[in-house]
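Please look at the sequence and the model first, then read the notes by topic.

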Amino acid sequence: MVFETVEGMLNINCDMVMTTAFACVLLLIGFWIKSKVKFLTKYCIPAPVVGGFLFMFITFIGNRTGAFAFNFTTTLQDFFMLAFFTTVGLGASVQLLKKGGILLVVYWLIAAAVSIIQNFISVGLAAVTGLEYPYALLAGAISMIGGHGAAASYGKTFVDMGYSAGVEVGAAAATFGLIFGVLVGGPTARLLIEKNNLRPDPTENLDTSVEEINKKGGTLTSLDIMKNVTAILVCMALGSMVSGWIGKLINMSFPTYVGAMFVAMIVRNLNEKFHWYNFNFGLVDGIGDVSLNIYLSIALMSLKLWQLLDLLGPVLLIVVAQVVVLVILAYFVVFRILGSNYDAAVMCAGLLGHGLGATPTAIVNMTAVKDKYGMSRKAFMIVPIVGAFLVDIIYQPQTIAFIKFFVKGFTG
């Protein structure tokens, strides 16, 4: 940590290690505050959000008063996100995916329909507010379903086409979506659960099946732990390469985490057949949980709220409209389509997470609900697969179609 004064403002510069340590401390503070404030537990507000938001407003005050500023090195943020998705892939046994059945297909189609609705909202409000279509579309499915990665990629494309604020608008929309996603997901699921008196189905045999498929295989030795960690890192490395190759093949950005997740799925299922190492689901799941929480903590604490203020107005209006419409759809429509049961309520929390922010947000939302009401294996099995990859199969082509129709000169 380096302290320096620049134009009368104290700058606190944190390197990669200090930034990660800061995020972990804020995460623990978030868990502590959540344990003390019943409101946060009652409405299923995730712990990373509590600590991250607290610090985000502290830095906002520092900027507005000109007293101090934190400068973080967020290099490891992508690493932790990649590690999380890799553990999701390692948890996806083919035997488990088969148990998702028709519900996985239904949820996938719902997520795809949501992405189309989001683009219609964007172009509709653009016509009303006079906002240029590229900026409006950046506040649609690109940043809502696609998240920061897609927003940055498409934003840069629009900058190259002459829309100079493309990257900033995309980042702002994705950030607002992430914030709203973690704020509305848990409370919406809680409202559905309490209103309908829902609880996990004690007759559901999926838990037993999951335990059988993800059996621990006895006591782990230090070598076993090393092999599990090595498998995660190798999948991350190979997955990054695969995503790079796919990106070159389709001539557009392809999320690194998608490649890592599917390489991990292949490794998991090949290992079940050939038994290369003693796979331990509990260890891998724990690593994924830690990675997810640190990722989100870094993402939130490093947000520079003051940089988004200039982008308020039409862009924020579109994002708020996206939030309102998706909450209404989740509460009144999606919940019923998915079966009006406990699994459906938890999946609605997940949909609001990755439908407005990112797949890690969906997992955080569902985890907050799980911690209060109980596990939903179907939700935790289906939502990550759809949110991280399957929805792209429909979201990407239809979004490109919208851009080609509304934005002149686009050739992507």
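In helix α4, the buried residues are Q77, F80, M81, L82, A83, F84, F85, T86, T87, V88, G89 and L90; buried means under 20% relative accessible area, with exposed over 50% and partly exposed in between (1.4 Å probe, protein chains only). This is a predicted model, in which local features need pLDDT of at least 70, side-chain atom pairs count only at pLDDT 80 or more, and totals for chains, interfaces and linings use all residues. Residues are numbered from 1 along each chain as its sequence is written, and side-chain values use heavy atoms, with hydrogens and water left out.

**The chain overall**
- The protein chain has 19 helices and 3 strands; helices (H or I, at least four residues) and strands (E, at least two) are DSSP runs, numbered from the N terminus.
- Of the 412 residues in the protein chain, 53% are buried.
- Among contacts in the protein chain with a separation of 6 or more, 80% are between residues 24 or more positions apart; contact means heavy atoms within 4.5 Å.

**Helix α4**
- Helix α4 covers residues 75-90, and its 16 residues should span 22 Å at 1.5 Å a residue; the expected span is 1.5 Å times one less than the number of residues.
- The end C-alpha atoms of α4 are 24 Å apart, which agrees with that span.
- Because 12 of its 16 residues are buried, α4 is largely enclosed by the rest of the structure.

**Helix α12**
- The 19 residues of α12 (residues 256-274) should span 27 Å at 1.5 Å a residue, and the end C-alpha atoms are 27 Å apart, in agreement.
- Buried residues of α12 include Y257, M261, R268 and N271.

- An open sheet is formed by 3 strands in the order β1-β2-β3, with mixed pairing; two strands pair if DSSP finds at least two bridges between them.
- At the edges are β1 (2-6) and β3 (68-71), each pairing on one side only.
- From one strand to the next, the twist averages 25 degrees; angles run from 0 to 180 degrees between N-to-C directions, and axes are lines fitted to C-alpha atoms, for helices over the stretch in contact.
- Strands β1 and β2 (residues 9-13) run antiparallel and are joined by 5 bridges, with T5 opposite L10 in β2.
- The hairpin of β1 and β2 has 2 residues between the strands, and E7 takes a positive phi near 50 degrees there.
- The pairing of β2 with β3 is parallel over 4 bridges, and N13 has N71 in β3 as its bridge partner.
- In β2, 4 of the 5 residues are buried, leaving the strand mostly covered.

**Helices α9 and α16**
- The axes of α9 (residues 166-195) and α16 (residues 342-356) come within 7 Å and cross at roughly 170 degrees.
- The two helices, α9 and α16, are therefore roughly antiparallel; this label applies over 145 degrees, while under 35 is roughly parallel, 65 to 115 roughly perpendicular and the rest oblique.
- Residues making the contact include G177, G181 and L192 of α9 and Y342, C348 and L356 of α16.
- The contact residues of α9 with α16 comprise 11 nonpolar, 5 polar and no charged; Ala, Val, Leu, Ile, Met, Phe, Trp, Tyr, Cys and Pro count as nonpolar, Asp, Glu, Lys and Arg as charged, and the others, Gly among them, as polar.
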